[in-house]
Amino acid sequence: MMDKILCFLDKDDEQKIHIVNQMLQSSEPMLERKTFAANLDMSNYRLNKLIDEINLDLQTVAPNVFINVTDRYIDNNEQLKFGVENLLLRNYFKSSNAEKFLLSLLKNDQIIFNQTFRGYGWSRAFFFKEKKKFEENMMYFIGLHPSEKNLRLFIYNLYDYFNVVPDVQIPEVQRLLDRVLQLDIPRIQNDLVFAQKISILIIISYFRNHYHHRVAEDYLWLAKNPDNPGVLDLFKQVLPENTTRASIFIFQTTLEIGLIEPTHYPIEDLVRDESSWQAVYRIIANYMDQLDFPFSETQINNTVREVYTETQRNYFLTERDYSHASHYFSTVYPQIDFHIRQLITLVNQEIRMSQNHLYHLYFRIVVLAMSSGLDFQKDDTIEICVSFSRGYRATNWVSNNINAFTYLNVHTTTELSEKTDIYVSDVPLDHFEKPQVIWNSPTGPQQWYDLEELIRQVRHQKFSPK
């Protein structure tokens, strides 16, 4: 089943992303065309037509990437693994009908058939057909009658997911963005991703306020303390007059979606349900204590606050994103992955979360664990002995390339020992019972791919909880 968020793309583009995604998920270098088409529930003719279109689309985002199709097979091009899918997603969304409706939503409560849509060459019948599809997809995420807050967050999350900034050519908006990006906040000035995210927020807030759409006061918890010093005051300085509520919404949202550290704001402001937060805190703290993690009480408190508050937001984190990243993390750090999954199960028993929030909770704990300074690699490292008869230069060259697989958590040495998990050489050993990789000629992409897969298999056998 396709991810629901891809339904915001036009139908052909949605299916093209699904084709690329299925190729990325397969480890097979050659895919049988007939079986591949059957798995996608489409005819061979339809598959060939869409792959031809994908190849044309690739010329605009990655000219050197091409999906080669023979009579029986599809060449699972290794180059597809380098961010190409995200570039295609971005272009498909920018050309989608959904993006046109989103621009209309910035200005109106209801999407009406006006001169703008006539300018696209749309007929009235086509407009209402596409509008119905868009509103049904939107309703899946935020309901039939969303609040102004939820509508703004929906628009933000959709643009953010596809990595697109609304294309608005209004000088006043650009001047406003320029002033905000010049604020004395290091992350705004030095982080291009942050600048893009906050640009989306400001554009949304500007248009919705300009057309007299207001966020309910009961949502603006920062308004309870409008004199709170800090970054909020900077936002007030650069936003237009009489937009204190707008500046509060923008700054508050940057806190809630994790763009700015919420450390200086009391937990009662960030959390709607104090009792459930305390329950989550107790579960996580007890679990970490049992594992003897060297976290201080303050670190655990901040961890729980970030985990809990961020998982309450409206995220478009899909099963596709989750399966890609969790597969990587479980492969490289199987023991930590096991404990995180156990912890999430306990949390979900205490406070029921949506699947989307569970996905985000997994990611948030992973990020916090990896940034904690704990040495997760010491127990999960794969030891590889590299020794080539051609001399130390050949040995060093292979070792350096293996060590570049930082995402595989490996350690190379020239000494064979009981700790050795894999032996890589041009000379086979008679009495070494563990996996041996023997390269008698210069290595190519397939040899490195096979070694990577072997490392994953060895790690799974060695470290996966029994």
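Helices here are DSSP runs of at least four residues, numbered from the N terminus. On that count, Ser 199 sits in helix H11. Setting aside residues up to four places away in sequence, Ser 199 touches Leu 177 and Leu 181.

How far can the model be trusted? The protein chain has an average pLDDT of 77, and 71% of the residues score at least 70. Where pLDDT is low, the predicted coordinates should not be read in detail.

The largest nonpolar core holds 73 residues. Those touching the most other members are Ile 19, Leu 47, Leu 102, Phe 134, Phe 154, Ile 155 and Phe 162. Helix H11 (residues 192-210), the helix that carries Ser 199, gives this core its largest share, nine residues. There is also a second, separate core, made of 19 residues, with Ile 382, Ile 402, Leu 408 and Phe 463 among them.

Helix H1 (residues 11-25) packs against helix H3 (residues 44-61) at an angle of about 90 degrees, and their axes lie 10 Å apart. H1 is therefore roughly perpendicular to H3. On the H1 side, the residues involved are Asp 12, Gln 15, Lys 16, Ile 19 and Val 20. They meet Arg 46, Leu 47, Lys 49, Leu 50, Ile 51, Glu 53, Ile 54 and Asp 57 in H3. Sorted by class, this contact has six nonpolar, one polar and six charged residues.

Another pair brings together helix H5 (residues 97-105) and helix H7 (residues 124-142), packed at an angle of about 80 degrees with axes 10 Å apart. That angle makes H5 roughly perpendicular to H7. From H5 come Asn 97, Ala 98, Phe 101, Leu 102 and Leu 105, which meet Phe 126, Phe 127, Glu 130, Lys 131, Phe 134 and Met 138 in H7. By class, the H5 contact with H7 has eight nonpolar, one polar and two charged residues.

Definitions and conventions:
Residues numbered from 1 in each chain as written. Predicted model: local features only at pLDDT ≥ 70, side-chain atom pairs only at ≥ 80, totals over all residues. Heavy atoms only, no water. Axes fitted to C-alpha atoms, helices over the stretch in contact; angles between N-to-C directions. Helix = DSSP H or I, 4+ residues; strand = E, 2+ residues; numbered from the N terminus. Parallel < 35°, antiparallel > 145°, perpendicular 65-115°, else oblique. Contact = heavy atoms within 4.5 Å. Nonpolar A, V, L, I, M, F, W, Y, C, P; charged D, E, K, R; others polar. pLDDT = per-residue confidence, 0-100. Core = buried A, V, L, I, M, F, W, Y, C linked by side-chain atoms within 4.5 Å. Buried < 20%, exposed > 50% of the residue type's maximum accessible area, 1.4 Å probe, protein only.
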